[in-house]
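User: I am new to this structure. Can you show me how to read its features, one at a time?

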Amino acid sequence: MARKMLQFTRLDQRTPDKRSAGTRRVDFDEIYGRFTPDAAGDQASRCEQCGIPFCQIHCPLQNNIPDWLMLTAAGRLEEAYALSSATNSMPEICGRICPQDRLCEGSCVLEQSRHGAVTIGAVEKFITDTAWERGWVKPILPLREREQSVGIIGGGPAGMAAAEQLRAQGYQVTLYDRYDRIGGLLVYGIPGFKLEKSVVERRVDLLARSGVIFKTNFEVGRDASLPELRKTHDAVLIATGVYKARGLSIPGAGLRGVTKALDYLIASNRTGLGDRVPAFEDGTLDAKDKAVVVIGGGDTAMDCLRTAIRQGARSVKCLYRRDRANMPGSQREVINAVEEGVDFVWLTAPEAVLGDERATGVRAHRMHLGVADATGRQSPQPIAGSEFTLEADLVIEALGFEPEDLPAVFGEPRLPITRWGTIQIDPVSKMSGLDGVFAAGDIVRGASLVVWAVRDGRDAAEGIRRYLVAKAAAAPAKAAP
Ligand code: FAD
């Protein structure tokens, strides 16, 4: 059915149904349902088709959102999918986990004029899930095969997006990952209630059917050095993400029962995938019946809190030193967490983890927000005499991540890094200071978002293509098809 656009005057904003908190607390399935074709068409037709599409401008991939909304409203779903997938290597994943409230939907003119943004993420998810079901998502068949090969280290969204783009150009692509599954944080970090694993698996399977070779359980630094990979491939892309967790530096931080967020989430995700995880089975990383305190206010903290609820924790508290308005995590996820039973203790910082061998509690003090620092953020200051104690037998540190020491890990001291430990690349070519070695995703940007990793992976693939074309021109014998 073809619809007119600008229906925001007639139709209210609607999101797909959300499962009740009671039902979703007991499983790891996604919490949002899906639009019916009619609902997707109606919601897409609310778009104002602005002359300057702020949604597109504020999308890291510059997705052509107004046009695929118009095609959805017109019922031309296959074209909507073609357009959406032209700029995005995994639209159904971004539709599920992008913080749209901070990106496209937050910039929608209808949001600014208080009509409520077009529900862009839910429509994007609807379009691509429909495309999968109807067989419109097909493996890549390059127009011509090329001999030149690219080695990609890291199978997260940055590596996957680059692999897709390079295969489309006909290059031979090998993806190395130290884990046993491809997907990076999409598989082992982000819980199933935000992104079911089957959604990632079908993308990984598509890459395999497109001719990408996977070498899993292959850790660069242990199974091969970077110089060795450079000899094997014509170009190498580093897309290893950031995994060194920031820890607490307070008394008691080393007690049993204090754990790093990613260890906790990986154990939960692996258990959900059917793997045996001894540290989960013996109770160390299982929140069941425990008083859980999560320290931090970002997306990782939200995921730990909501995982603990699903594991049957006795109580789940979030300690964050700023207030709700100043937390880095998505507001949508905070609402979901509150609905599910998480207790937020705002403006609070931990002082010590209490206990003899095992954690039994956290001593904390209240904070107030002082004057803004150079970044414009108000810095939290402790309030004297405000100390109090919380019961805790599982304390999860969700304080962010930093890069590992890659030059040392990779056996390549000449790999240039920034003062934050991220890889330094040329902003245009995406190449590092080492000839033919490129980098993308969190390892360049620092801990960020999936949509930025996809963007970086695609940009790096284009940089690699240009490099390989030049290399082939300089050595024509190797370039012959
Ligand atoms: P990663 O996804 O980290 O992938 C890197 C890969 O490299 C991994 O598979 C790793 O095994 C591999 N690797 C590392 N070192 C080596 C080595 N030496 N040899 C071989 N392989 C190696 N973003 C969102 O947009 N929305 C969200 O809701 C969201 N939730 C998040 C929740 C959590 C708990 C976390 C931790 C992050 C979340 N993010 C979210 C951020 C997002 O997941 C990352 O920004 C994104 O995955 C980065 O992609 P990447 O490809 O750069 O790295």
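Analyst: Start with how elements are named. Helices and strands are DSSP runs, numbered from the N terminus. This is a predicted model. Take G211: this residue lies in the loop between helix α12 (197-209) and strand β3 (213-215).

User: Is G211 buried, partly exposed or exposed, and why?

Analyst: Use the cut-offs. Buried means under 20% relative accessible area, exposed means over 50%, and partly exposed is in between. G211 has 30% relative accessibility, so G211 counts as partly exposed.

User: Which residues does G211 touch, beyond those up to four places away in sequence?

Analyst: Contact means heavy atoms within 4.5 Å. By that rule, G211 touches R167 and V173. A C-alpha distance is another way to look. G211 and P142 are 69 residues apart along the chain, and their C-alpha atoms are separated by 9.7 Å.

User: Now the ligand. Which residues come nearest to the ligand?

Analyst: A residue belongs here if one of its heavy atoms lies within 4 Å. There are 34 residues around the ligand, and I97, D177, K194, Y243 and D442 come nearest.

User: How much of the ligand does the protein bury?

Analyst: Taken alone, the ligand exposes 1,000 Å². The protein buries 97% of that.

User: Which elements give two or more residues to the shell around the ligand?

Analyst: They are α10 (157-168), α16 (299-310) and α20 (450-474). Next, sort the shell by residue type. It divides into 18 nonpolar, 10 polar and 6 charged residues.

User: How is the chain divided into domains?

Analyst: Read the bounds with care, as a domain can have two segments. The domain assignment gives domain 1 (7-133), domain 2 (149-242 + 403-479) and domain 3 (255-260 + 270-400). Then ask how two domains meet. The centres of domain 2 and domain 3, taken over C-alpha atoms, are 32 Å apart. In the contact between them, 11 residues of domain 2 meet 8 residues of domain 3.

User: How do I read a loop residue such as S386?

Analyst: S386 is in the loop between β12 (378-382) and β13 (388-391). Its relative accessible area is 14%, so S386 is buried. The side chain of S386 reaches the backbone nitrogen of R366 at 2.9 Å. Leaving aside neighbours within four places in sequence, S386 is in contact with A364, H365 and R366.

User: Which residues other than glycine have a positive phi?

Analyst: Two examples will do. Q49 has a phi near 55°. Q49 sits in the loop between α2 (37-44) and α3 (54-57). With a relative accessible area of 25%, Q49 is partly exposed. L347 has a positive phi of about 50°. L347 is in the loop between β9 (343-345) and β10 (348-354). L347 is partly exposed, with a relative accessible area of 25%.

User: Last one. Where is G361, and what does G361 touch?

Analyst: G361 is in strand β11 (residues 361-372). At 2% relative accessibility, G361 counts as buried. Not counting residues up to four places away in sequence, G361 touches A352, V353, L354, L390, E391 and A392. Now take one partner, A392. G361 and A392 are 31 residues apart along the chain, and their C-alpha atoms are separated by 4.2 Å.

Terms used:
Residues are numbered from 1 along each chain as its sequence is written. This is a predicted model: local features need pLDDT of at least 70, side-chain atom pairs count only at pLDDT 80 or more; totals for chains, interfaces and linings use all residues. Side-chain values use heavy atoms; hydrogens and water are left out. Helices (H or I, at least four residues) and strands (E, at least two) are DSSP runs, numbered from the N terminus. Buried means under 20% relative accessible area, exposed over 50%, partly exposed in between (1.4 Å probe, protein chains only). Accessible areas come from the Shrake-Rupley method with a 1.4 Å probe; for residues, only the protein chains shown count as cover. Ala, Val, Leu, Ile, Met, Phe, Trp, Tyr, Cys and Pro count as nonpolar, Asp, Glu, Lys and Arg as charged, and the others, Gly among them, as polar. Domain bounds come from an automatic or database domain assignment. A polar contact is a pair of N or O atoms within 3.5 Å; within protein, one must be able to donate a hydrogen and the other to accept it, and residues adjacent in sequence count only if both atoms are side-chain atoms.
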